[in-house]
Amino acid sequence: YSLLPNVTVVDITHNVPLNDISQGAFIAKQACPTFPDGTIHIIDIDDNDLHNLLAVKHNNQYYICHDNGLPHLLFNDEFIEAVILPAASQQASEDVISDNDNIIPQTFRALNDMIPSVKKIVESNHLSECGAPASEINARGQRNFVIPDENKLIGYITHIDSHGNAYSNIRYTEFLKIKKGRHFKLSVHEWDTDTLYFTFKTKNKKVNNMLLVSSTGNLMLTHKSGSFAQLMNVTIDSKIEFTFSD
């Protein structure tokens with residue numbers, strides 16, 4: 001607000017687990033594209049390693065984040081432009097004690113490096129004013145679902161939201177291609193179902209646990225009045241298994 005008094009600030013979340021790049025990428029991938037063209041997103045999630053800061057332009061929006069694999073999870077290589085942001089100062093080595101009063105502490109990179117870059121983007125509307133071009137970004141693998149045979153599909157929980165809804169890494173469109181019009185049965189620990197819902201509302205009052213198509217397009221496991229993750233002992237990377245039959 002000091003640098004840009006007229007800016008509109010929207011907090012998406014501060015609840016990403018510490019250093020969890022995959023969770024941060026999942027949330028950003030769902031939330032950020034719904035904002036207007038020209039929006040600048042700051043994603044300050046890192047894994048305590050030494051990574052460059054990037055400013056990336058994608059679908060007429062700007063993203064400022066660490067080059068730790070998160071941009072790759074967001075965009076693959078489909079971004080328009082990316083630049084490496086300069087550090088606010090050349091900080092002394094971490095194992096050296098310095099009496100130089102001019103050294104700027106680098107313990108809050110969002111404040112020291114990310115925010116000034118936001119101001120440059122707003123003023124110039126060009127990433128070239130912010131840093132040197134990045135020819136490539138660090139890749140990061142993402143867990144995929146598995147098809148061990150034509151009658152099975154194994155997926156994994158990739159995100160659990162604040163309500164305890166468990167999102168799988170299987171998208172509805174992918175599920176339909178594998179299902180091929182057949183009946184299915186989903187098993188998660190001791191619970192199973194053969195019904196897929198498109199809304200939380202159902203006339204069957206006996207149904208509590210549900211397999212649902214989420215707003216993100218992923219298949220999601222939910223409980224109508226509680227936390228599916230807690231009630232069913234599901235965590236990130238928990239396995240879910242579909243079997244198909246004619």
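The structure holds zero disulfides, a disulfide being a pair of cysteine sulfur atoms within 2.5 Å. Cys32 is in no disulfide, and the nearest cysteine sulfur, that of Cys65, is 9.5 Å away. Cys130 is in no disulfide either; for Cys130 the nearest cysteine sulfur is again that of Cys65, 13 Å away.

Before I go on, a word on the source. This is a predicted model, in which local features need pLDDT of at least 70, side-chain atom pairs count only at pLDDT 80 or more, and totals for chains, interfaces and linings use all residues. Residues are numbered from 1 along each chain as its sequence is written, and side-chain values use heavy atoms, with hydrogens and water left out.

Are these two cysteines, Cys32 and Cys130, buried or exposed? Buried means under 20% relative accessible area, exposed means over 50%, and partly exposed is in between, with a 1.4 Å probe and protein chains only. Cys32 has a relative accessible area of 2%, so Cys32 is buried. Cys130 is at 3%, and therefore counts as buried too.

Ser117 touches Ile64, Leu85 and Cys130, leaving aside residues up to four places away in sequence; contact here means heavy atoms within 4.5 Å. Where is Ser117 placed? Ser117 is in helix α3, residues 109-124. Helices (H or I, at least four residues) and strands (E, at least two) are DSSP runs, numbered from the N terminus. Ser117 counts as buried because its relative accessibility is 5%.

Now the helix as a whole. The expected span of a helix is 1.5 Å times one less than its number of residues. For the 16 residues of α3 that should give 22 Å, and the end C-alpha atoms are 22 Å apart, which agrees. Buried residues in α3 include Ala110, Met114, Ser117, Val118 and Ile121. What covers them? The cover over the buried residues of α3 includes the strands β1 (40-43), β2 (53-58), β3 (61-66) and β4 (81-85). After α3 comes Asn125, whose phi is positive, near 65°.

Next, salt bridges. A salt bridge is a side-chain nitrogen of Lys or Arg within 4 Å of a carboxyl oxygen of Asp or Glu. By this rule the count is three.

Glu123 pairs with Lys119, and the closest N and O atoms are 2.4 Å apart. Both residues lie in α3, four residues apart, about one turn of the helix. Glu123 is exposed because its relative accessibility is 56%, while Lys119, at 24%, counts as partly exposed.

Another salt bridge joins Asp237 and Arg143, with the closest N and O atoms 3.5 Å apart. Asp237 lies in the loop between α5 (228-231) and β13 (239-245), and Arg143 in the loop between β5 (132-133) and β6 (152-160), so the pair ties together parts that are 94 residues apart in sequence. Asp237 is partly exposed at 44%, and Arg143 is partly exposed at 43%.

That leaves Lys152 and Glu241, whose closest N and O atoms are 3.6 Å apart. Why does this pair tie together parts that are 89 residues apart in sequence? Because Lys152 lies in strand β6 and Glu241 in strand β13. Lys152, at 32%, counts as partly exposed; Glu241, at 23%, is partly exposed as well.
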